[in-house]
Amino acid sequence: MGVPGLDGVEQFLLVAELGSFSAAARRLAVSPSAVSLAVRHLEQRLGTAAEPPRGGRQLGVTLCQPRAGPAVGA
C-alpha cells in the first residue's frame with residue numbers, strides 16, 4: 001500500500017471527504033471492508049477512534065482531530 005507510515009491515511013481522508021466507507025471504496029476500486037480495515041489500522045496506530053455519529057454510518061472525523069487534526073486538513 002503506498003508510503004510506509006501513511007497506510008490508511010488516504011482511505012481515512014476519502015471517507016472524511018466523501019462521507020462514507022462505501023463511497024471511498026468505490027473511488028479506490030476496493031471493497032468497503034478493505035477501506036474499513038485500513039482505517040481501523042490507522043486508528044490503532046494513532047491510539048484513537050473515529051466512531052460513527054448517532055443514527056448514521058458516516059465517519060466521525062472530529063474524534064480523530066485532537067491527535068491528527070492539524071496534519072489531516074493541511
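Reader: Leaving aside neighbours within four places in sequence, which residues is Leu18 in contact with?
Author: The model is predicted. In it, Leu18 is found in helix 1. Beyond its neighbours within four places in sequence, Leu18 is in contact with Ala23, Ala24 and Arg27.

Reader: Is Leu18 buried or partly exposed?
Author: The relative accessible area of Leu18 is 30%. Buried would need a value under 20%, and exposed one over 50%. Leu18 falls in between, so it counts as partly exposed.

Reader: Which residues of helix 1 and helix 2 make the contact?
Author: The axes of helix 1 and helix 2 come within 8 Å and cross at roughly 120 degrees. On the helix 1 side the contact has Glu10, Gln11, Leu14, Val15, Glu17 and Leu18. On the helix 2 side stand Phe21, Ala23, Ala24, Arg27 and Leu28.

Reader: How many residues in the contact of helix 1 with helix 2 are charged?
Author: The contact of helix 1 with helix 2 has seven nonpolar residues and one polar residue. Glu and Arg count as charged. Glu10, Glu17 and Arg27 are among the residues in contact. The charged class comes to three.

Reader: Is helix 1 oblique or roughly perpendicular to helix 2?
Author: Helix 1 passes helix 2 in a right-handed crossing. Their axes cross at roughly 120 degrees. Roughly perpendicular covers 65 to 115 degrees. The angle therefore makes helix 1, relative to helix 2, oblique.

Reader: Which residues of helix 2 are buried?
Author: The buried residues of helix 2 pack against helix 1 and helix 3. Ala23 and Ala24 take part in the contact with helix 1. Ala24 and Ala25 meet helix 3. The buried residues in helix 2 include Ala23, Ala24 and Ala25.

Reader: Which residues in helix 3 meet helix 2?
Author: Helix 2 and helix 3 pack at about 105 degrees, with their axes 8 Å apart. That angle makes helix 2 roughly perpendicular to helix 3. From helix 2 come Phe21, Ser22, Ala24, Ala25 and Leu28. Their partners in helix 3 are Pro32, Val35, Ser36 and Val39.

Reader: How many residues of the contact of helix 2 with helix 3 are nonpolar?
Author: The contact of helix 2 with helix 3 has no charged residues. Two are polar. Those that are nonpolar number seven.

Reader: What is the phi of Ala29?
Author: Ala29 lies in the loop between helix 2 and helix 3. Its place is just after helix 2. Most residues other than glycine have a negative phi. Ala29 has a positive phi, near 60 degrees.

Reader: Is Ala29 buried or exposed?
Author: The cut-off for exposed is over 50%. Ala29 has a relative accessible area of 69%, so it counts as exposed.

Reader: What is the angle at which helix 1 and helix 3 pack?
Author: Helix 1 covers residues 9-18, and helix 3 covers residues 32-46. Their axes lie 8 Å apart, at an angle of about 110 degrees.

Reader: Which residues in helix 3 meet helix 1?
Author: Helix 1 brings Val9, Gln11, Phe12 and Val15. The residues of this contact divide into seven nonpolar, one polar and no charged. In helix 3 the partners are Val35, Ala38, Val39 and Leu42.

Reader: How many Å apart in space are Ala38 and Val9, C-alpha to C-alpha?
Author: Ala38 lies in helix 3. Its relative accessibility is 9%, so Ala38 counts as buried. Ala38 and Val9 are 29 residues apart in sequence. C-alpha to C-alpha, the distance is 8.2 Å.

Reader: What pattern does the chain follow along the sequence?
Author: The chain has four helices and zero strands. Read along the sequence, the pattern is α-α-α-α.

Reader: Which element of the chain has the lowest mean pLDDT?
Author: The chain averages a pLDDT of 73, and 58% of the residues score at least 70. Helix 2 (residues 21-28) has the highest mean among the elements, 92. Over residues 62-69 the pLDDT is below 50. The lowest mean, 49, belongs to helix 4.

How values were computed:
Residues are numbered from 1 along each chain as its sequence is written. This is a predicted model: local features need pLDDT of at least 70, side-chain atom pairs count only at pLDDT 80 or more; totals for chains, interfaces and linings use all residues. Side-chain values use heavy atoms; hydrogens and water are left out. Axes are lines fitted to C-alpha atoms, for helices over the stretch in contact, and angles run from 0 to 180 degrees between N-to-C directions. Helices (H or I, at least four residues) and strands (E, at least two) are DSSP runs, numbered from the N terminus. Contact means heavy atoms within 4.5 Å. Buried means under 20% relative accessible area, exposed over 50%, partly exposed in between (1.4 Å probe, protein chains only). pLDDT is the predictor's confidence in each residue, from 0 to 100. Angles under 35 degrees count as roughly parallel, over 145 as roughly antiparallel, 65 to 115 as roughly perpendicular and the rest as oblique. A crossing is left-handed if the near helix is turned anticlockwise from the far one by less than a right angle, and right-handed if clockwise.
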